[in-house]
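This report describes the salt bridges of one model. Please view the sequence and structure below before reading on.

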Amino acid sequence: MSLPKHAHTVIIGGGILGCSVAYHLVSLGVKDVVLLEQGQLTCGTTWHAAGLVGQLHGSHATTEFAKYTVELLKTIEAETGQSPGYRETGSIAIAINDERLAELKRKKDFASLFDVKAQYLETEAILERWPLMNPDKVLGGIYMPSDGSANPIDLTMALAKGARQKGAKIIEKIIVTDVLVEARKVKGVVTDQGTIQADNVVNCGGMWARELGRKNNISVPLHACEHYYLVTEPIENLPRDLPVLRSYCDGTYFKEDAGKLLFGFAHNRAKPWAIKGIPEKFSFESLPFVEDDVMDVLEMAMNRVPILQEVGIRTFFNGPESYSYDGRFTLGEAPDVKNYFILAGLNSTGIQTGPGAGKALAEWIVNGHPTMDLSGMDPRRCEAFQARDPYLQERCPETLVQTYAMHWPNYQRQTARNLRRTPLHHALKARGACFTEVQGWERPGWFAPYGVTPEYEYSYGRQNWFDYALAEQRAAREAVAMIDYSMLGKIMVEGKGAENFLQRVCTNNMAMRNGRIAYTLFLNERGGIESDVTVARYDQDRFMVMSSISHTLKDYLHLRDHILPHEDVRLRDVTPSFGVIGVMGPNSRALMEKVCDIDVSNAAFPFNTLQDCHIGHAKVTAQRLSYSGDLGWEIFVTPDFAEHVFDVLFEAGQNLGVKLIGGEALNGLRLEKGFLHWGHDMAYTEAPHQLGLEFTCKTKKSPAFIGMESYLVRKAEAKGPYLCSVKLKDPNLLMYHYEPVQRDGKVVGYITAGAFSGYLGTAVGLALIDLPKGLNDKKDIARGNYTVMIEGKAAEATISLKPFFDPDNSRMLS
């Protein structure tokens, strides 16, 4: 096939992902699509995939992907004439301890959000469907009748055939040597057979995607890891319709495969592969099988399915699979090169989710924006250190191990820790801090009292830190609390054009006097929320934009990408340049009065203002803000004086009931106050009117903010879902996230985030809830009886459009 001179989109990589993107692009009407494969289709990792098709995954987007895959598997043969080898045998996941059973019941609840059938089975019922299983210690499980398996090569070939039938060109045995970029925009690709000019390029290079991205300084945070499975000799009378069996606690899955059993592992000892680079001509190849790597899980598999002790093993297989550092896909446009798209790092779920992921990316390319919430997969989440091989080789194998491990609430990764520490780290560690990690930053999750080891003991019930966090919450509501905010993002926006620039990018009014602070949103052209930040005006040409920890880079890039060529605007990320200490609670003013050399009364120091002052011997900047929803300040200090200021504050607070608090307590405080967190409670699919954030949108200012017209249209349409506060009536139950919310017995939404509130004495959370049919006033949400599904049971709940704590803001503003 001759090489075309130009293409609308060039896709690099001919595995399941590349073929899915090609198929869906042409299905959307894009004709000149070219897919380039360095070897043969499927030759990298797709060919040796186990072919499992399970629909429940860890997020809304990935579950939607997998649900779509099942729909496609049922129709693609009729369209293309190529069978994908799909068998709808169902799947069963079993539990051998109470905590795993709780997790599976929560997964069954989650399925109801997608109309995916799932039912709980007792052990006896599981044995009826899977008679080869040893029922020892099995407490029960969930059955997914519409799950199954597909042939990875056949499915990929069906997608490729469908793409060709609609005009796509697929060229094999061609090597892409470079992606052409001019003025930070894709121009084409260079191959060993010539150059193709292109409007878009999609990196679907699988385990090669990381190296391909690096050619253009683009981060693709994945690494190949060794992944094992075995296939038995034929087993007499093995049922063809045997469901896929997942025994998570044994780290094993089992699948009937042409009269044999295929069984594979989520290893306890995973290893990165090709740490010095993938061999140039690696194609349809396997890796050496090292028994010691899998002997522990192999023994558990033989115990769970005893017939494995009697039959021979035909195939001992070890092959590379790509895993990401955080267990999330990389899907979307690269941050530094326009029209360079990435789809990679699907963590061994490519067959299950690849068709849906390819469809989502194709829709993004055609529409110019994502058509669903893909924010958790954003390439912009990855910081430079997270894309380097040393980090990936340490962190990515842990993702493989976690595939079948317990997915605990608040779980903390163990590898690649203690990379970024705040100026207060050692002082807080000495006082019992148990650290969590976000973007490499170590931050206290909670504080252990003297004599208690500061380590998480995980559970779906009340974890070991529960009482300590409640005490921290009480201090924040009844006395005074201190927290380390140093890791929060701090971006300076400077220059003569700074105000005008921020007026355009921010929804709130940035033409505020020096020393004022405003909470604001960034919107996209569709009126969706790209971020929420706090902006402080330091002087005429100098502002600080404050971001959450995980979105600092994303917010920086958003600001950078909206600076016009003629604007005198400069950005600086000064996050590590300041330590920040949060002080909150009804006694916080008394504490500030003891240590500050200025008047901190409400009249002299009102909410949403900042002032310079001294604490001890240090000059600091104090901002009157509070993420707890109570009276409070955030104190900015240079790192050299940070611990000194901390000591002065902590000592002065002893007679005021001061207590150190961590992120677990803060989460409960912000939820009972109804404060939001981007990425949990909102993303770029939601508009301000859905979240009660219209007060941030100043529509009469000039220049108008980006997305204002769309915001007004969406506000007038008044479509939901709407964000509501939720609290349970039973104080013994807990909410975390994704629990279905029911109105009069029907699913109408889900919990975006949940925690236990000491103030309310019960679990509290936020939820996105649809309006009742035929009604268009969000006040109508209050109609009906609400329940939240928790481990298969409907828990009575109260819904409110106002926060349960201090709904009129009297405490925060006093």
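A salt bridge is defined as a side-chain nitrogen of Lys or Arg within 4 Å of a carboxyl oxygen of Asp or Glu. The model is a predicted one, in which local features need pLDDT of at least 70 and side-chain atom pairs count only at pLDDT 80 or more, while totals for chains, interfaces and linings use all residues. Residues are numbered from 1 along each chain as its sequence is written, and side-chain values use heavy atoms, with hydrogens and water left out.

Across the whole structure, 41 salt bridges are found. Among them are the following pairs.

| Pair | N to O distance |
|---|---|
| R304 and D250 | 2.8 Å |
| D326 and R328 | 3.1 Å |
| R570 and D568 | 2.9 Å |

The bridge between R304 and D250 ties together parts that are 54 residues apart in sequence, because R304 lies in helix α8 (residues 291–304) and D250 in the loop between β13 (244–247) and β14 (252–257). Helices (H or I, at least four residues) and strands (E, at least two) are DSSP runs numbered from the N terminus. Both R304 and D250 are buried; the term means under 20% relative accessible area, with exposed over 50% and partly exposed in between (1.4 Å probe, protein chains only).

Partly exposed residues occur in the other pairs. R328, the partner of D326, has a relative accessible area of 38% and is partly exposed. In the pair of R570 and D568, R570 is partly exposed at 45%, and D568 is likewise partly exposed at 33%.
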